[in-house]
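Subject: Structure handover

Hello,

My notes on it come after the structure itself.

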Amino acid sequence: MALLRQEVDPDEVGLDGKALDRLDQYFAHYVDEGRLPGYLVAVARGGRVAHLTTHGRRDVAAGLPVEADTLWRMYSMTKPVTAVAALLLMEEGRLSLDDPVAEHLPVFADARVYDSGSGADLRTRPAAEPMRIRHLLTHTSGLTFAFYHSHPVDALYREANLESSVPPGANLAQTIDVYASLPLQFEPGTQWNYSVASNVLGRVIEVASGQPLDAFYKERVFGPLGMTDAGFQVSAEQAGRLSELYGETEGGSIEPIPGLPLHGRPRFLSGSGGMVAGAYDVHRFMELLRRRGELDGVRLLAPETVDLMTANHLPGGADLRSFGSRPHDEPGNAGVGFGFSVSVVIDPDRTSAPSGLGTYGWTGVATTTFWVDPSRDLTVQFMTQVRPRTSHTMFPDLKRLVHEAVTD
């Protein structure tokens with residue numbers, strides 16, 4: 001186990017310590033009000049951690065504090081790791097961005113696309129173009145989630161027992177078969193819809209590499225980067241460091257809720273949301289991206305590949321808010337594009353919080369987030385474990401408070 005530590009005083013790297021204290025006070029207030037159990041926040045500049053705060057509890061009932069080695073369920077912050085894993089295979093020639101997904105997963109060979117109607121009157125047509133690997137990476141595949149309740153295809157996902165994105169008891173391969181039996185919402189590459197695409201990509205990685213997803217991650221990503229606590233399960237030795245998971249009640253307080261089944265190897269290996277990790281692991285992953293594919297003498301990806309991953313790939317160069325109904329039209333999506341499993345700031349003047357051009361990162365449903373700001377050589381992570389009833393309203397304030405601390 002490696003531990004994240006503060007390495008430098010804030011003023012040595014152009015950060016205002018008093019402003020960072022205000023950040024701590026802001027989130028401590030959430031803990032004091034019972035809206036967060038506890039949190040960890042870390043700000044690094046030039047790769048050196050200049051601010052690291054832990055506050056509150058990782059387990060409220062047991063009185064266990066958040067510590068630098070606390071483990072967190074990453075949920076959707078797994079997706080950028082899945083993208084890196086796929087790009088490793090691309091550089092080795094075992095995948096191509098333009099490969100039809102059906103070349104690796106034949107169950108998608110006869111994909112159909114929603115045409116009209118709903119329920120018993122829903123009509124589909126053959127897909128005009130194949131779903132490709134790049135569409136999985138950019139969430140332009142036509143796949144969806146069951147919980148949106150905004151499209152007739154979402155209802156088909158619910159009928160297929162995909163409320164949690166996996167049929168009860170199914171493994172990854174079996175789950176992909178269910179996805180492939182359902183129509184796409186739209187022609188691949190024409191729209192953006194956040195979806196189960198990273199699970200499909202995880203299965204592509206298994207087929208292309210000949211390894212189970214957890215084994216490939218450990219050998220090719222976690223091991224080389226020194227992400228010593230990252231994985232799809234927690235060992236007996238790690239279990240005491242895992243944070244309890246909480247859900248937000250109607251009144252804004254929190255209560256414990258069931259989380260990912262991490263004690264023992266899960267039957268379903270989710271490239272979309274199955275990872276657990278500590279703050280040191282997240283810092284190492286951010287550093288790989290900030291340094292454009294290399295860390296401590298180990299090069300995982302070419303600089304150009306990381307540049308490609310962190311560029312906007314939305315149709316027509318649009319931002320996320322251009323794609324209609326929720327979850328795409330939220331104010332925080334203005335001025336923000338999408339790369340390979342990361343958001344990318346393309347118009348800082350339109351974003352809901354201060355952001356440098358080209359800033360990229362992603363969030364998890366348990367209120368975790370990370371971002372890399374190349375223009376300021378800045379990396380930030382925030383960890384807690386609360387599934388909110390609505391969107392992550394505190395993240396714009398986190399960005400504002402961090403950027404108020406930048407003095408140069």
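The notes below cover sheets, salt bridges, cavities and a pocket.

This is a predicted model, in which local features need pLDDT of at least 70 and side-chain atom pairs count only at pLDDT 80 or more, while totals for chains, interfaces and linings use all residues. Residues are numbered from 1 along each chain as its sequence is written, and side-chain values use heavy atoms, with hydrogens and water left out.

Sheets

Helices (H or I, at least four residues) and strands (E, at least two) are DSSP runs numbered from the N terminus, and two strands pair if DSSP finds at least two bridges between them. Eight strands make up an open antiparallel sheet, ordered E3-E2-E1-E16-E15-E14-E13-E12. Its edges are strand E3 (64-65) and E12, each of which pairs on one side only. E3 is held to strand E2 (residues 48-59) by two bridges, and the two run antiparallel. Within this pairing, aspartate 59 sits opposite leucine 64 in E3.

An open sheet of three strands has the order E8-E7-E17, with mixed pairing. Strand E8 (254-256) and strand E17 (386-387) are the edge strands, each pairing on one side only. Between strand E7 (residues 246-248) and E17 the pairing is parallel, over two bridges. Tyrosine 246 is the residue opposite valine 386 in E17.

Salt bridges

A salt bridge here is a side-chain nitrogen of Lys or Arg within 4 Å of a carboxyl oxygen of Asp or Glu. The search of the whole structure gives 21 of them. For accessibility, buried means under 20% relative accessible area, exposed over 50%, and partly exposed in between (1.4 Å probe, protein chains only).

One of the salt bridges joins aspartate 319 and arginine 350, with an N to O distance of 2.7 Å. This pair links distant parts of the chain, 31 residues apart: aspartate 319 is in the loop between helix H10 (303-309) and strand E12 (336-338), and arginine 350 is in the loop between strand E13 (343-345) and strand E14 (360-364). Is aspartate 319 buried or exposed? Aspartate 319 counts as buried, at 5% relative accessibility, whereas arginine 350 is partly exposed, at 44%.

Arginine 35 is partly exposed, with a relative accessible area of 35%, and glutamate 33 is partly exposed, with 43%.

In the salt bridge between arginine 132 and glutamate 129, the closest N and O atoms are 3.9 Å apart. Arginine 132 is partly exposed at 23% relative accessibility, and glutamate 129 is partly exposed at 47%.

Cavities and a pocket

Rolling a probe the size of a water molecule over the atoms shows where empty space is left. The grid has a 1 Å spacing and covers the protein atoms alone; a cavity is a set of points where a 1.4 Å probe fits but cannot get out, a pocket is an open set with protein on both sides within 12 Å along at least five of seven lines, and lining residues have an atom within 4 Å of a point. Grid points are joined across faces, edges and corners, and a volume is the space filled by probe spheres set on the points. Ala, Val, Leu, Ile, Met, Phe, Trp, Tyr, Cys and Pro count as nonpolar, Asp, Glu, Lys and Arg as charged, and the others, Gly among them, as polar.

There are three cavities of 30 Å³ or more. The largest cavity has a volume of about 70 Å³. Its lining includes Met74, Met77, Val81, Met227 and Phe370, and helix H9 (residues 279-290) gives the most to that lining, with four residues. By class, the lining of the largest cavity has nine nonpolar, no polar and one charged.

The second largest cavity has a volume of about 50 Å³. Among the residues that line this cavity are Met1, Ala2, Asp69, Arg241 and Tyr280. H9 again gives the most, with three residues. The lining of the second largest cavity divides into five nonpolar, two polar and four charged residues.

The second largest pocket has a volume of about 280 Å³. Of the 14 residues that line this pocket, Lys218, Phe222, Ala230, Gly231 and Phe232 lie nearest its centre. The classes in its lining are five nonpolar, six polar and three charged residues.

Regards
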